Amino acid sequence: MLEITNLTASAGEKDILKGINLSVNAGEVHAIMGPNGSGKSTLAQVLAGHPSYEVTGGTVRFEGEDLLELAPEERAHRGVFLAFQYPIEIPGVSNAYFLRSAYNAMRVARGGDEVDPMEFLDVMEEKLKIVEMDDAMLSRSVNMGFSGGEKKRNEILQMAVLEPKLAILDETDSGLDIDALRVVAEGVNKLRRPDNAAIVVTHYQRLLNYIVPDYVHVLAGGRIIRSGTRELALELEEKGYDWLLQEALA
Amino acid sequence: MSSEIEALVGREYQYGFVTDIDADTIPPGLSEDVVRLISSKKAEPTWLLDWRLKAYRRWLTMTEPTWPNVHYPAIDYQAVRYYSAPKTAKPLGSLDDVDPTLLETYKKLGIPLNEQKMLAGVAVDAVFDSVSVGTTYKAELAKHGIIFCSFSEAVHEHPELIRKYLGSVVPYSDNFFAALNSAVFSDGSFCYIPKGVKCPMELSTYFRINAADTGQFERTLIVAEEGASVSYLEGCTAPKRSTNQLHAAVVELIALDDATIKYSTVQNWYAGDENGVGGIFNFVTKRGKAMRNAKISWTQVETGSAITWKYPSVILQGDNSVGEFYSVAVVNNMQQADTGTKMIHIGRNTKSNIVSKGISAGRGQNSYRGQVKVMPKADGARNYTQCDSMLIGNACGAHTFPYIEINNNTATLEHEASTTKIGEDQIFYLKQRGMSAENAVSMIVAGFCKEVFKELPMEFALEAQQLLGITLEGSVG
Amino acid sequence: MTIPHWQAAFAARAGGDEPRWLAPLRQSAMASFAALGFPTRALEDWHYTSLSSIADVPYTIGSGASSTTVADLTPYMINADWPTIVLLNGRWSPALSSLDSLPGGVLVLDLATAWREQPAMVQQHLGTVAVSEHAMTSLNTALMQDGVVVVVAKDVVSNTPIHILHVADAAAEGAARFPRTLIIAERSSKVTLLESFVGLADVAYFTNHVAEVVVGDNATVNHMKIQRESESATHVSTTEVHQARDSHYVNFSMAMGATLSRTNVYTVLDGENCGATLNGLYLGKGTQHTDHQTRIEHAQPNCFSRELYKGVLDDASHAVFNGKVYVHPVAQKTDGKQSNHTLLLSPDARIDTKPQLEIFADDVKCTHGATVGRMDEAGLFYMKSRGVPSETARRLLTYAFAADVLETIENETVKHALEQLTLERYAGSAVHPVIVARKG
C-alpha cells in the first residue's frame with residue numbers, strides 16, 4: 001500500500017529526515033517510536049503534505065501513485081488520513097458542519113454526491129458510538145473547549161467518518177489519562193480492517209499495550225535504526241534508547 | 001502559502017465607479033461664510049445657523065486627536081469642499097422626479113429607488129454627496145406615525161423635534177470631528193418612532209460619496225419614544241479616487257423608556273489601493289442614550305475606508321438599560337482601523353455586552369479601543385467583553401486597548417481575548433480533511449465572524465458575507 | 001534585628017549527618033534571605049500583604065516534642081485508611097503516621113532518610129524547582145528541618161490520596177517551622193496528594209512551607225492543600241512546579257485558618273501539550289488576612305491552563321488574589337482561562353484582586369475575569385418568598401456561591417470534606433436539610 005524509499009526532508013535549513021525506508025501493507029499496523037526530536041512527527045506531517053517541510057529526496061508511493069506529487073487535499077481524497085498531534089480549534093464552525101463538509105468533499109472527489117444534513121446525521125449516529133461520544137459534541141465548535149481527550153477522540157471520529165485507507169496517528173496518546181487512552185485505542189481497533197493500514201507514531205510504549213502493532217520501528221536522527229516486532233517496544237521501555245543509539249553508531 | 005491566503009481575502013472593490021452628473025459645488029475652504037452659505041442653501045432657520053456657528057467657533061479652538069493608533073498625512077481642511085449637490089436633485093420632491101442618472105447610480109449599487117422596484121420591507125433614504133435624493137415608503141410609514149425623511153426636510157417639517165434632540169447626545173463640543181460636522185453638516189436622515197410603535201419595516205440610509213475632493217458630513221438622528229422599537233441600517237460606498245476624501249459623520253440615538261433601537265452598519269467606503277493611495281478618511285461619532293429599560297444595539301461590519309476612527313457608544317442612563325456592540329472590522333492592504341465602543345453605566349442594573357472581531361490582512365493595522373465605565377450609582381452593573389483578533393499573514397497587526405473604570409464595587413466584569421493566526425497549520429488541517437484552501441479560509445473567517453453576523457438583519461448579513469467572500473454555516477445546504 | 005535572629009538560628013543548627021552537597025545550598029539560601037529580609041509592601045509581589053507583623057518576632061525553631069495522640073488527629077484525617085504522614089510541629093512523627101496502605105511503586109520518605117537512601121534523586125531536584133527570588137523560600141531552604149519526599153514510579157497510577165498532615169499543637173507556641181515537600185512523578189504516572197495544615201490549639205506560631213513538584217512526561221499530579229491553622233498563626237506556603245511534556249498538574253488551595261496567610265502556587269509549563277489547573281477557595285472572617293498568589297508560566301506551545309479562585313469574606317476580613325499568566329513568545333497556541341470571584345458578606349470586608357495576563361506570543365487564547373459581589377438580593381427574596389427563613393437563605397446562598405469551585409475537586413472524599421468545612425462555616429453545625437439534598 002505504502003512504499004517509502006530513501007525519503008529525506010528538511011524544515012528550513014535543517015535536515016530532519018535523512019533517508020527513511022518503510023513499506024506498509026494493507027491490514028498492518030506499524031508503530032514508530034523514538035526519542036524527542038528524532039523526526040517521528042515530521043515523517044507523519046511529510047506523508048500528509050505539510051507545507052513547512054520540503055522533501056529533498058526519495059520517493060513515496062501510495063497504491064502505486066507518487067504521493068509526493070499530490071496536494072494535501074488530494075492525498076486526503078486518496079485515503080491518507082492524519083490524526084493531528086495538536087488538533088486545530090475553529091471557533092464558530094460546528095463540528096457537524098465541519099465533518100459534513102469534509103465528508104462531502106471526499107465524496108465529491110471520489111465521484112459521489114453530497115449528502116444533506118439529515119442523511120449525514122444518520123451516518124454520524126453509528127460513528128459516534130465508536131468513540132463513545134454523544135451527539136451534543138456535534139453542535140460545539142470544532143475542538144473549541146474540548147479537553148485533551150475529547151480532541152483526540154474527535155480525531156478518531158473524523159477518521160471513522162472519512163474511512164481512510166492509511167491512517168497516520170501522530171502522538172494520539174500523548175497527555176491522555178488511562179481511561180481516555182483506552183477509548184481512543186479501542187476506537188482505532190474497531191476501525192482496523194484487512195484492507196486498511198495504520199502508522200502509529202508514539203512517544204510512549206504504553207499505547208502499544210492497547211493498539212498492538214505488527215511492526216515497531218525506532219526512528220533516531222532521521223533514520224529508522226531498528227525494526228522489529230512488539231517485543232522491541234517492550235525492550236525499549238526497559239532499557240531506553242541509549243543502547244540502540246550506541247549500537248547504531250558502532 | 002501566506003500569499004495564497006492573502007489572494008483569497010484581497011477582492012476587487014465593486015463600487016468604485018463615478019457618476020457623471022452636474023453638481024452645485026462650492027469652492028474648497030472653510031470659514032464662517034462657508035457655514036453661512038451651507039445654511040442658506042438649505043434655507044435653514046436662524047437657530048440652526050447659530051448652532052452651526054457656535055460649533056464652528058468651538059472647532060477653531062480644538063485640535064485633531066492624536067491618540068488613535070492610526071497614521072495619515074495631515075488633513076488640509078481648507079482644501080476640502082464642504083458642499084456638493086447634484087443640480088437636478090429635488091430633495092423635497094417625489095421619487096418620480098429624481099434624475100434618472102441618480103436612479104441608475106443607486107440601481108448599480110443594488111438600491112433601486114423607483115416605486116416598482118423598491119426593496120421589499122426596507123425603507124431607504126438615499127444620500128448623494130451633500131443631499132438626500134429620495135426616501136422610499138414615506139407614505140406607508142406615515143400611516144404608523146413614523147417620520148422617516150432627510151435631515152433637511154425634518155428641519156423644516158419637524159423643527160420642534162430637531163431642536164429638542166439635535167446635539168442632545170453628541171454635543172457640538174464633543175470632539176474635533178463632531179464639532180466640524182456640527183458646523184458644516186449638509187444632510188442625513190431623521191427617524192422618529194412614536195410611543196409604543198414597532199416600526200413595521202427596516203429603515204435604511206444609503207450614503208454615496210461621488211464628487212471629488214468633497215467631504216461628506218452627514219447627521220443621523222433617531223428618536224424612539226417610550227416603548228417604540230426600530231431597526232435601522234446604514235450602508236456606504238464611494239468611487240475609487242487617488243486622493244483621500246474626508247467623511248465625518250455624527251449619529252445620535254435616543255431610546256426613551258422601554259424603547260429599542262438596533263443600528264446596523266455595513267461600511268464599505270473606498271479603502272484605497274494596495275499601496276495605500278486614495279481611500280476615505282472616516283471619522284465618525286456615534287452615540288446613543290438609553291433611558292429606563294431601553295436597549296441600544298450597535299452592529300457594524302467595517303470593511304472599507306483607508307482610516308477608520310469610530311466608537312459607537314451607549315450612555316446607559318436609565319435603570320436596567322442595555323447597551324450592545326457587535327463589530328467585525330476588516331483591514332487589508334494599507335488600511336488602518338481604530339474602532340471600538342464606550343459603555344457608560346450610570347443607571348442601576350445596567351448591562352453591556354461587547355463582541356469585537358478584528359481581522360487583519362496585508363499590511364493592515366487593526367485596533368480595538370473600548371471603554372467600560374461604571375459610575376458610583378450604577379449598582380449591579382454588568383459588562384461582558386469579548387475581543388478576538390485574527391491575523392492573516394505576517395505583515396499585519398492587531399492591537400487591543402481596553403479602558404476599564406469601575407467606581408462601584410458591585411459591578412461584574414468579564415473580559416475574554418484571543419489572537420489567532422490563520423496560518424499554515426489551520427489551512428493544512430482542513431486540507432488534510434479534503435477541503436480546498438479557498439473553502440478552508442472561508443470556513444475559518446465565517447466561523448470567526450459568526451457571533452456578529454447573526455446580529456445583522458438578513459439583507460445585511462448576505463451583503464456582509466458577499467463582501468468578505470464567505471459563506472455562513474446554515475445559509476447553504 | 002530580625003535577620004541576625006535567623007542568622008543565629010542558622011548558625012546554631014546541627015548539620016549532623018546531612019549530605020555534603022546540601023551545605024552550599026543552605027548557605028546560599030541563608031545569604032539570599034539575609035539580603036532580601038522579610039518582604040515589605042514596597043515589593044510588587046507583596047503590595048497588599050505585609051509580613052512586618054512577624055518580622056521582629058523571635059520565633060524559636062520547633063522541636064516536635066508534644067503529647068498529641070492519634071485520637072487528637074482523628075477529626076483531621078478525612079480518611080484514616082489513606083497513607084498518612086504526620087509532621088507534628090514540623091517533625092515527622094512515625095507514631096502518628098501510617099503508610100501501610102501505600103500503593104506499590106510509590107515511595108514516601110522523610111527528608112533525612114530520602115537524602116540517605118535516594119541521594120541522587122533528591123540532589124537532582126531539591127532546591128531546583130523552588131527557584132523564585134522569595135525571601136521566605138530562601139529561609140525555608142536554609143532552615144528546613146524535616147519534610148516529605150514522594151516518588152511515584154513510571155506508569156504507576158494511584159488515585160488514593162496520600163495525606164501529608166502538618167500539625168501544630170499547643171507546644172508550637174512561639175515557634176517557627178520550615179517543612180519541605182518534594183514530589184517527583186515519573187513518566188506516565190499519576191498521584192494524588194493532600195497537604196493539610198491544622199492548628200490544634202489557639203496559639204501563635206509561624207509556618208513557612210515550601211513544596212517542590214516535578215511532573216514528568218505524561219504524568220499527572222493532583223495536589224490539594226487545606227489550610228486551617230490556628231487563628232493566631234501566620235502561614236506562608238509556596239508551591240513551585242515544573243512540568244514536562246504532556247503532563248498535567250492540578251492544584252486546589254482551600255484557605256480558612258490563620259490570622260495572616262499567604263499561599264503561592266507557581267507552575268512552569270515547560271514542555272508541549274501540558275495542562276495546569278489551579279483552583280482555590282478562601283473563606284475569611286474576623287480580621288483574617290488571606291492572600292493567594294499564582295503564576296502560570298507558559299514556556300512551550302500547545303499548553304492550556306485553567307484557574308478559578310473564589311472567596312467569601314465576612315466581618316472585616318481581607319483577601320488578596322493576584323494571578324499571573326505569563327505567555328512566552330514561543331508559547332503559541334496557549335489556551336488560558338483565569339477568573340476570580342469574591343462574595344463580600346460585610347461592608348467592612350475587602351478584596352484586592354489582580355488577574356494579570358502577560359502575553360508575548362501572537363497566536364493565543366486567553367480569558368480573564370473578576371467579579372466582586374454582594375449577596376444576590378433577588379435570590380434571597382425569592383427564597384424568603386418561599387418561606388425559607390432569612391438567615392437560612394443567606395447561608396444557603398453563601399454556601400452555593402462557594403460550592404461550585406469545590407465541584408472541580410476530582411476526589412469525592414476530599415470534595416465532600418471541604419463541602420462540610422464550608423457548610424460548617426456558613427450553616428453552623430445544624431445542617432439544613434435543603435443543603436444536604438443539594439449534594440446528591
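**Folds, contacts and loops in a predicted three-chain model**

With 20 C-beta neighbours inside 10 Å, C:Asn302 counts as buried (the cut-offs: buried means 20 or more other C-beta atoms within 10 Å of the residue's own, exposed means 12 or fewer, partly exposed is in between, and C-beta atoms are placed from the backbone). C:Asn302 sits in the loop between strand S16 (289-298) and strand S17 (304-313) of chain C, and its phi is near 60°, a positive value in a residue other than glycine. Most residues other than glycine have a negative phi.

A quick word on the ground rules: this is a predicted model, in which local features need pLDDT of at least 70 and side-chain atom pairs count only at pLDDT 80 or more, while totals for chains, interfaces and linings use all residues. Residues are numbered from 1 along each chain as its sequence is written, with chains lettered from A and ligands numbered from 1 in the order in which they are written.

B:Asp258 is not a glycine either, yet has a positive phi of about 65°. Its loop runs between strand S10 (244-255) and strand S11 (260-267) of chain B, and B:Asp258 counts as buried, with 21 C-beta neighbours inside 10 Å. Then there is B:Ala395, in the loop between strand S20 (382-392) and strand S21 (397-406) of chain B. With 13 other C-beta atoms within 10 Å, B:Ala395 is partly exposed. Leaving aside residues up to four places away in sequence, B:Ala395 touches B:Gly362 and B:Arg363 (a contact is a pair of residues whose C-beta atoms, placed from the backbone, lie within 7 Å). The C-alpha atom of B:Ala395 is 36 Å from that of B:Arg219, a residue 176 positions apart along the chain.

Back to chain C as a whole, which has 11 helices and 21 strands (DSSP runs numbered from the N terminus, with helices being H or I of at least four residues and strands E of at least two). The C-alpha trace of chain C spans about 70 × 55 × 45 Å along its principal axes, and 53% of the 440 residues count as buried. Of the contacts in chain C with a separation of 6 or more, 82% join residues 24 or more positions apart.

Chain C splits into domain 1 (2-270) and domain 2 (378-440), with bounds from an automatic or database domain assignment. The C-alpha centres of these two domains of chain C lie 32 Å apart, and 11 residues of domain 1 are in contact with 9 residues of domain 2. On the domain 1 side, strand S9 (190-199), strand S11 (220-228) and strand S13 (248-255) of chain C each give two or more residues, and S11(C) gives the most, with 3 residues. By class, that side has 8 nonpolar, 3 polar and no charged residues (nonpolar is Ala, Val, Leu, Ile, Met, Phe, Trp, Tyr, Cys and Pro; charged is Asp, Glu, Lys and Arg; the others, Gly among them, are polar).

Chain A has 8 helices and 12 strands. Its radius of gyration of 18 Å agrees with the value near 18 Å for a compact globule of 250 residues. Buried residues make up 47% of chain A. The buried residues of H6(A) are A:Leu181, A:Val184, A:Ala185, A:Gly187 and A:Val188. Seen down the axis of H6(A), these fall within an arc of 155°, so they line one face of the helix; the arc is that of the directions from the helix axis to the C-beta atoms. Their cover includes helix H4 (117-130), helix H5 (148-162), strand S9 (166-170) and strand S10 (197-201) of chain A.

As for chain-to-chain contacts, the one between chains B and C takes 13 residues from each of them. Strand S22 (residues 412-422) of chain B supplies the largest share of the chain B side, 10 residues.

Technical notes. Two residues are in contact if their C-beta atoms, placed from the backbone, lie within 7 Å. The radius of gyration is taken over C-alpha atoms; the globule rule is 2.2 Å times the number of residues to the power 0.38.
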